[in-house]
Amino acid sequence: MMNFFKRKHSAEFSVPPEKLPAHVAVIMDGNGRWARRRGLPRTAGHAAGARVFRTITKHCEKRGVKVLTVYAFSTENWSRPAEEVSGIMRLLRDHLIESLADFKAENIKTRFIGDLSRLSRELTDLIAEAEAETANKTGMQLNIAVNYGGRDELVHAMRKIGREIQRGAVKPEEIGEKMIENHLYTAGQPDPDLILRPSGELRLSNYLIWQAAYAEMVFMDILWPDFTPEDMDEALRTYAARNRRFGGV
């Protein structure tokens with residue numbers, strides 16, 4: 001049985017660099033429940049979660065994480081009430097404007113993964129600007145998953161490979177794991193070592209399902225807007241204590 005652990009902070013962070021996960025992926029979950037418990041609209045929870053996101057991003061960069069991938073909006077989230085979806089898109093726009101200024105002093109390279117074709121022109125222009133502004137950064141790689149779904153990502157990859165087969169550039173028997181990886185949104189990046197989900201839920205929710213094959217999972221009974229840098233440190237300590245065998249002995 002898979003159990004999530006509860007918050008237990010330690011004053012000192014002493015994980016050696018070689019024990020840190022190179023790639024951390026986060027499911028930023030619990031915004032709506034956080035707002036409901038306070039009698040607030042769900043959009044207030046998403047706004048609080050966006051502020052936590054900026055804090056945790058900077059903290060991960062400080063700790064030496066090489067890649068941070070966050071689940072901001074899934075392909076399934078379009079089924080939420082229209083008012084909530086509109087609110088999330090406004091927050092994404094505001095976040096992009098704020099983070100362009102906020103992250104300017106940080107050595108963080110930003111990339112958006114997912115099917116961006118469904119987003120507004122205003123958003124895609126801001127996304128392009130954010131990626132261009134940070135293209136030459138040499139520090140942590142930040143991936144923001146927007147209109148992202150793990151199954152949808154695989155469908156997109158298969159379609160790209162199918163078009164290459166039609167052109168005669170690829171033979172079906174040449175298709176292997178490496179080729180599929182090279183057609184994913186995360187091509188060229190290491191798979192996540194640690195997938196973290198606050199909020200008490202115990203599932204992946206269609207997140208990085210190819211890349212998660214050997215990821216360590218940490219579930220925390222903390223709603224995302226309440227998540228702190230100390231909570232992230234606790235997740236990193238938990239990861240560092242794991243014995244990763246990758247199917248071996």
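## Contacts and overall fold

Two residues are in contact here when heavy atoms lie within 4.5 Å. In this predicted model, residues 24 or more positions apart account for 79% of the contacts in the protein chain that have a separation of 6 or more.

The secondary structure of the protein chain consists of 7 helices and 6 strands. Read from the N terminus, the order of elements is β-α-α-β-α-β-α-β-α-α-β-β-α.

## Dimensions and surface

The protein chain has a radius of gyration of 18 Å, which agrees with the value near 18 Å for a compact globule of 249 residues. Its C-alpha trace spans about 55 × 50 × 40 Å along the principal axes.

Of the 249 residues, 47% count as buried. The protein chain exposes about 12,700 Å², and carbon and sulfur atoms supply 50% of this area.

## Aromatic pairs

A pair of aromatic rings is described by the distance of the centres and the angle of the planes.

Buried means under 20% relative accessible area. Tyr71, at 8% relative accessibility, therefore counts as buried, and Tyr148 is buried with a relative accessible area of 0%.

## A second pair at Tyr148

Tyr148 also pairs with Tyr207: the ring centres are 6.2 Å apart and the planes stand at 90 degrees, so the pair is edge-to-face. Whereas Tyr148 lies in strand β4, Tyr207 lies in the loop between β5 (194–198) and β6 (216–220), and the pair therefore ties together parts that are 59 residues apart in sequence. Both Tyr148 and Tyr207 are buried.

Tyr71, Tyr148, Tyr185 and Tyr207 are linked by ring pairs into a cluster.

## A charge over a ring

A further feature involves an aromatic ring and a charged side chain: the charged end of Arg118 sits over the ring of Trp78, at 4.1 Å from the ring centre.

Note on methods: Residues numbered from 1 in each chain as written. Predicted model: local features only at pLDDT ≥ 70, side-chain atom pairs only at ≥ 80, totals over all residues. Heavy atoms only, no water. Buried < 20%, exposed > 50% of the residue type's maximum accessible area, 1.4 Å probe, protein only. Phe/Tyr/Trp six-rings, centres within 6.5 Å; stacked < 30°, edge-to-face > 60°. Helix = DSSP H or I, 4+ residues; strand = E, 2+ residues; numbered from the N terminus. Lys NZ or Arg CZ within 6 Å of the ring centre and 35° of its normal. Rg over C-alpha atoms; globule rule 2.2 N^0.38 Å. Areas by Shrake-Rupley, 256 points an atom, 1.4 Å probe, with all protein chains shown as cover.
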